[in-house]
Amino acid sequence: MTDPTAHPLVETLVAIDGDVASVKVRGELDAHTVGEVERVLTPVAEDGPTQLVLDVSDVGFVDSSGLRVLLGLRRRLVARGGQLRLVELSSAFRRLLDLTGLLDELTGVR
Amino acid sequence: MIQSMSDHVASDAVVDVQLSLPATSSHLRLARVMAAGVASLGQLDYDSVEDLRIAVDELCTLLVQGAAPGGRIDLVYRLAGDHLEVEARTASRAGAVAPAVPSLTGQILSAVADGYELWAADGHIGFTLRSARWAAAT
């Protein structure tokens, strides 16, 4: 893993292997912290591998701010013919995606 | 929606907790922590606590965006009988204009809250969250 961030409430680790970027996010994704995740991952989505796999098993909280950033990253990747896929979702994360109708979109089902 | 697993707090009990925070996004987490703490007094199930945390976070985020620079958000978490209510207010940067609710935020709030109201009056903006409600103690 490379590119650890120093934000105390969120940490984003990126490992690149060919056309796949494997990302581990730890912490809570809200209006305060999500900018740091966006700062790290936007260059990857715009110029890096087109397949972005986010392990969110250690994300303890996510709100609409976090979902908007994830949707923005996905939009950038799809524009390049790529894909964003969340994996290892906690039950709370999965439930929020289910409630908002974003589960399939952000887990790579479509 | 929010439901309790038991009658940890008697139906006639009243818990009233006040919290004052700087109106910045870096303090949102404290509003969520307090919400979970008050919810625990009612022994809410996991999903119900999550609903409350999300609802408080989304509404406080709207207040932060509309707050006057240097302002504070004053919250009251009230557990009474068979319902839980959260009220919050802060000085507004834009006068008597209630915060607009983005579509995704509204979608989330409608899913996790039984009811909420955003208001603007007297140079302040605020919300009342009535969603944190559970079945009467049995």
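## Helix 2 and the sheet of chain B

Helix 2 (residues 46–66) of chain B lies across strand 2, strand 3, strand 4 and strand 5 of chain B, and runs at about 170° to strand 5 of chain B. Helices (H or I, at least four residues) and strands (E, at least two) are DSSP runs, numbered from the N terminus. Axes are lines fitted to C-alpha atoms, for helices over the stretch in contact, and angles run from 0 to 180 degrees between N-to-C directions. This is a predicted model, in which local features need pLDDT of at least 70 and side-chain atom pairs count only at pLDDT 80 or more, while totals for chains, interfaces and linings use all residues. Residues are numbered from 1 along each chain as its sequence is written, chains are lettered from A and ligands numbered from 1 in the order in which they are written, and side-chain values use heavy atoms, with hydrogens and water left out.

The five strands of chain B form an open sheet in the order 1-2-3-5-4, with antiparallel pairing; two strands pair if DSSP finds at least two bridges between them. Strand 1 (14–22) and strand 4 (116–121) of chain B are the edge strands, each pairing on one side only. On average, neighbouring strands of this sheet are turned by 15° against each other, direction ignored. Helix 1 (residues 28–41) of chain B packs on the sheet and touches strand 1, strand 2 (72–80) and strand 3 of chain B. The direction of this helix makes about 175° with that of strand 1 of chain B.

Six bridges join strand 4 of chain B to strand 5 (residues 124–129) of chain B in the antiparallel sense. Ala120(B) stands opposite Ile125(B) in strand 5 of chain B.

## Ser92(B)

Ser92(B) lies in the loop between strand 3 (83–91) and helix 3 (103–112) of chain B. Ser92(B) is buried, with a relative accessible area of 13%; buried means under 20% relative accessible area, exposed over 50%, partly exposed in between (1.4 Å probe, protein chains only). Leaving aside neighbours within four places in sequence, Ser92(B) is in contact (heavy atoms within 4.5 Å) with Gly66(B), Ala67(B), Ala68(B), Gly123(B), His124(B) and Ile125(B). The side chain of Ser92(B) reaches the backbone nitrogen of Ala94(B) at 3.0 Å.

## Helix 3 of chain B

Seven of the ten residues of helix 3 of chain B are buried, so this helix is largely enclosed by the rest of the structure. Among the buried residues are Leu104(B), Ile108(B) and Val112(B). Their cover includes helix 2 (64–79) and helix 3 (91–100) of chain A, together with helix 2 and strand 4 of chain B.

Notes:
A polar contact is a pair of N or O atoms within 3.5 Å; within protein, one must be able to donate a hydrogen and the other to accept it, and residues adjacent in sequence count only if both atoms are side-chain atoms.
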